[in-house]
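Here is a short walk through one protein chain. Have the viewer open while you read.

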Amino acid sequence: MKFFKNLLIFTGVVSIGIGLLSFYTGTALLHPLIWYILGFMVFVTALAFYVSRLGVGYDPDNFQLYYFGSMGFRMILSITVIFIYIYMYSENELQFVFNFFALYFLFTGFEIYSLITNFAPQLKKQN
């Protein structure tokens with residue numbers, strides 16, 4: 001539960017940053033669908049953490065397998081969303097991709113930090 005609380009706090013901070021950027025720059029820097037991208041990133045981050053947590057619960061020795069599997073799933077899902085957007089819409093594609101990957105890397109960094117702080121003590125106990 002601590003992860004999801006931290007995810008909510010992190011999402012709030014990112015939302016404030018997006019809101020401020022949107023207020024001061026309008027659509028010059030941010031794509032109009034930025035809020036949907038943010039929601040997608042929150043969902044995918046929570047799902048990836050849940051899968052990693054289940055994997056550690058079932059088989060703590062193969063933490064890397066579950067973690068990299070969830071990261072691979074996240075990347076494939078993200079690339080699929082980008083391709084669908086580029087295929088269906090032909091406006092501001094580059095801006096969409098830059099905004100998408102900015103949030104992708106922010107949430108990936110958050111997930112890595114959270115996984116290291118949450119699972120490192122558990123993995124050390126087993127060794």
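Predicted model: local features only at pLDDT ≥ 70, side-chain atom pairs only at ≥ 80, totals over all residues.

## Helix α1

With its 24 residues, α1 reaches 34 Å from first C-alpha to last, close to the 34 Å expected at 1.5 Å a residue (the expected span being 1.5 Å times one less than the number of residues). Helices here are DSSP runs of H or I with at least four residues, strands are E runs of at least two, and both are numbered from the N terminus.

In α1, the buried residues are F3, L7, T11, V14 and I18. Buried stands for under 20% relative accessible area, exposed for over 50%, and partly exposed for anything in between, using a 1.4 Å probe and protein chains only. L7 has a relative accessible area of 4%, so it counts as buried. Its C-alpha is 8.5 Å from that of T45, although L7 and T45 are 38 residues apart in sequence. Just after α1 comes G26, which takes a positive phi of about 65°.

Residues are numbered from 1 along each chain as its sequence is written, and side-chain values use heavy atoms, with hydrogens and water left out.

The mean pLDDT of the chain is 87, and 93% of the residues reach 70 or more; pLDDT is the predictor's confidence in each residue, on a scale from 0 to 100.

## The overall layout

The chain has 4 helices and 0 strands, running α-α-α-α from the N terminus on. Its C-alpha trace spans about 50 × 30 × 15 Å along the principal axes. Of the 127 residues, 33% count as buried.

UniProt, in an unreviewed entry, places the feature "transmembrane region" at residues 7-27, 33-53, 65-88 and 94-116. Those positions are in the numbering used here, feature names are shortened, and such annotations may be inferred rather than shown by experiment. In the model, residues 33-53 are 95% helix and 0% strand, with the end C-alpha atoms 30 Å apart. Residues 94-116 come out as 100% helix and 0% strand, and there the end C-alpha atoms are 33 Å apart.

α3 has 26 residues and reaches 38 Å between its first and last C-alpha, close to the 38 Å expected at 1.5 Å a residue. Its buried residues are F63, Y67, S70, M71, R74, S78, I82 and Y85. F83 is also found in α3, but F83 is exposed, because its relative accessible area is 58%. From F83 to V97 it's 14 residues in sequence and 9.8 Å in space, C-alpha to C-alpha.

In the loop between α3 and α4 you'll find N92. N92 has a positive phi of about 55° although it is not a glycine. Its relative accessibility is 41%, so N92 counts as partly exposed.

## The largest pocket

What lines the largest pocket? The residues are L33, Y36, I37, F40, V81, I84, Y85, Y89, F96 and F100. The elements giving two or more residues to this lining are α2 (34-58), α3 (63-88) and α4. By type, the lining divides into 10 nonpolar, no polar and no charged residues. Nonpolar covers Ala, Val, Leu, Ile, Met, Phe, Trp, Tyr, Cys and Pro; charged covers Asp, Glu, Lys and Arg; the others, Gly among them, are polar.

About 180 Å³ of space lies in this pocket, a volume being the space filled by probe spheres set on grid points joined across faces, edges and corners. On a 1 Å grid over the protein atoms alone, a pocket is an open set of points with protein on both sides within 12 Å along at least five of seven lines, whereas a cavity is a set where a 1.4 Å probe fits but cannot get out; lining residues have an atom within 4 Å of a point.
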